[in-house]
Every structure is written in C-alpha cells, then in structure tokens.
Amino acid sequence: MTFSFGWLYRGTHEIFPSGDGKNANENLEQRILQSDRPLRIKMGIDPTGSDIHLGHSIPVRKMRSFQDAGHTAVLIIGDFTARIGDPTGKSEVRKQLTEEQVKLNAQTYLEQVRPILDFDTPGRLEIRYNSEWLAGMDLTKILELLGTMTVGQMIAKEGFNDRYDKGNPIFLHEFLYPLMQGYDSVAIESDVELGGTDQKFNIAVGRDLQRHFGMRPQFGLLMPILIGTDGSQKMSKSLDNYVGLNEDALTMYSKLEKTPDALLENYITLLTQLDYTQLSDNPREQQKILALDVVSQYHGMAAAHQAQADAANLISGSTEADSVPEFSVSTIEFPAKIFFVTSASGLCKTSSDARRQIQGGGVKLNGEKVADPNFLFEKSSDLIGQVLQFGKNKFVRFVP
RNA sequence: GGGUCGAUGCCCGAGUGGUUAAUGGGGGCGGACUGUAAAUCCGCUGGCUACGCCUACGCUAGUUCGAAUCUAGCUCGGCCCA
C-alpha cells in the first residue's frame, strides 16, 4: 500500500496526525483512499515580498504531486494576513504592508509558481484571497476565535517563546496571526494543509478551529525547510543564500552548480524527481545534474543546456556564452571609468564596492583581470560586445 | 501611570570631550588553492564618475575651538511596581 504513495512521502518530513497509536482512525492514506471526491489541499503564501525562491517551492511541489494524483490545490494568497506578517521564526515584528504592495506581490508570486503547479487541468487549482473572509470579520467573530486559545498556548509557540525570553516585544495583534491562518482552513474546508516544518503550530491551530466549527480537521503535511546555498542557514532572500524562481537560467545554473556537497542529496530529493541512488556518486556530477534539472523546470530544457554550456565557457575564460545577461550602454555617460561601469551595470550595488573589488582582483573584462579601477572607456563603442565579470558568477555583456 | 536602565556600522559589541569612518568578533564579499565544493591562507567590509568631497554612533536643539562621548526635550525598547 505504502508503495503507491511514494509521491506522498518523497521528502516529506512529517504528516500529522500520523494514523498510528491513539490516532489510528486518522490516517491520511485512508482518507485519500476512502474519499469519494478530490481532497482539498491547502497552502498559503503571504505576498510579503516580490520574489520567491526554491525554498518556497518545496511545499508547492508537493502540492503539484497532489494535483497529479487528482486532488484540488487550494492556493491561498494571504493578502490580508500579509499585512500583519507571520511572526513564525521572526525575531522582530514584521512591518506592515500597504494594500497596493500586497496586490502587486500577489501577482508576481502567481507568475513564479506557474511552472510548478498545474494551472490548466480543470478542477485542479483554486486561487483564493483570504481578505475574502477575513477583511469583513466583525468583533464578535474575532472574539470567538480569540476565545479558542490561551495565552499560555500562544507563548509556548517557538518564536514567541524565544522573543519573550529575550525580552523582545510581542504585540497583541501578532497573536491573531495563527488564528487567521487557521480560520483560512475553516473557510476553504481544507483536508490537508501543506507547509514547512515551522508551520506546525499554525496548521495545528487550523485543526482546532475546524473542530470548533464542527468540521472534520485537516491533516498537516510538513516539508523540510530548505537550507540555503551557504549550506548552513535556511534559504532566505535577506541572507542572500537563495536561488530565485524568476532568476535567469545562467544565474540559476551557476548558483546550483556550486551547491555544497553536504546538501546535494537533500536538494536532489526535494527539488527534482530524480532517484538519488541511481545517480553518479561523484559530487561534481551531481551538482551538474541537479543544476540542469532544476533550471529546466523553470526555463525549459534547451535554456538549461545553454546555461550549462555557457557556464563552462565562462569559467574557462571564454566569452562565448549566449545566455549572459545583456546590459545596454545607453544609460551610461561616456567617457566612463570602469569602476563606474561595474556598478552602473548592476553587477554590484555601489561604486565604492566596485572600486574595492577591482583592487582586490575580483573583476574581469573578457576573462582578463582588471587592474586599474580608473581604466577609461572613451566612447560607448569601446565597451559594446565586452563581457564584464564580477566575482565568480555575475556576468554582463554590453550591448548598444 | 510610577521607577529604573538602555539605543553605536549587516549582527553582536568596545569606546565615555580631541589627530582617525570609529578597537574587536561574527557574518558577508573578493583573491590564492580546489572539483565553480569543503578546509586553509591572504585582502576587503559608509557613500560619491573620487587622490578630493559628503554623510554617519535613536531624533531635535544646546554647551564647547572641538562631542558617539556633556546638558535638555522627544521617540522607541527592556526590567520592576501598579
């Protein structure tokens, strides 16, 4: 029986309730087999930023597996909750976002998960905004929600606990977050909620609320939190150890190709459908296979192969690489010194940094180290066609 | 509401009137090496089309030739009491 549920368990960290011991009557496999309708698989994303990365893709990929097994993915855009911010894992209060920002973010999020989910098969995907049921909630209802939990239960939650111990502030509205997320489960009548392991508390609150409102409680399916490309901390934009879903193929490939050895099995299991045991045990090969597979998921096989070839060329000093991002010189005023060009082209954030990196030997023009930060380009034609490299994997080709 | 302590660069944390972008650590970035990994060693780690100029030690005024360091008010936070 378990065999046919391979898709359910691949990479999965935990399913609760587990269906053994005293929960014997609550077993997800049973529920799937016995249901006479597709299950409703919930996952929430809070549009708090503009980019999502491979870490976010983990539960989304699981959601796709459910879709392929015939179930309905209910993607909840947390347009309302985003304005409070999930306190999970946060050491500080989230800043609140405006309505416009949230709307915009929601759009770009949907674009980014499009390659992962089945958007086309009828009945397989529902997209809901939680402002639909949260925005108009009146105080009576809110009191009912608040009345289902105690301060002790809230304080026991990991993030709150730490912050309380450290003497950091916790605001009351943050207590509402788990309740709102939980109420989403009630509103959409979910059967299973997907999330990272850090979502256990919030998902469990969803179960409690569903029970409170006389519904059959959902299952929680927790996926591991993806470690970032630095190999130690969880993938996140603010730590800059992420691979963004909307990054170009070459950048994506270059980042994944340097995945730390210790992370390879983890990445391959979570980010691809490949069978790790069938792969070469040479880590260098595994890096390439991983990078190729993931890039092809988001950019197509052809672009992935192109990126692979280009990455190989660039590292050997050749500039024959079609997928190098292009940058128009039209925004640069000539004559221009190379340190200015380096920052103006977006390879680094500040011109001061560009200057330093040049002095440290980290900037190359057509594969040659740049020695003088004040090297001058008299006119735009001096620059067009050249490939500028910053560090190990940031490249730009200048075009008119 | 009362009392008390605190606020320094990405983070932690020195510095308590004086040449200085401000000790140290972490993290990060870059270089060498390598497998575009790890480990190790070295350099960098406010901004600016830049051998000079500008902005910085919670905010705003003030004292002073001169303040991150002194004074006042304000803002935010911790703890104790209510």
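In this predicted model, L143 sits in helix α6, which covers residues 139-146. With a relative accessible area of 52%, L143 counts as exposed, because the cut-off for that word is a value over 50%.

Six strands form an open sheet with mixed pairing, and reading across it gives the order β1-β6-β5-β2-β3-β4. The edges are taken by β1 (14-16) and β4 (125-129); each has a single partner strand, so one side of each is left without a neighbour in the sheet. On average, neighbouring strands of this sheet are turned by 25° against each other, direction ignored.

Strand β2 (residues 40-45) runs parallel to strand β3 (residues 72-77), and six bridges link the two. As an example of such a link, G44 has I76 of β3 as its bridge partner.

Helices complete the picture around these strands. Helix α3, made of residues 54-68, lies across β2, β3, β4, β5 (192-196) and β6 (219-223). The direction of α3 is at about 160° to that of β2. Helix α10 (residues 200-212) packs on the sheet as well, where it touches β1, β5 and β6.

Key: Residues numbered from 1 in each chain as written. Chains lettered and ligands numbered in written order. Predicted model: local features only at pLDDT ≥ 70, side-chain atom pairs only at ≥ 80, totals over all residues. Heavy atoms only, no water. Pairing = 2+ DSSP bridges. Helix = DSSP H or I, 4+ residues; strand = E, 2+ residues; numbered from the N terminus. Axes fitted to C-alpha atoms, helices over the stretch in contact; angles between N-to-C directions. Contact = heavy atoms within 4.5 Å. Buried < 20%, exposed > 50% of the residue type's maximum accessible area, 1.4 Å probe, protein only.
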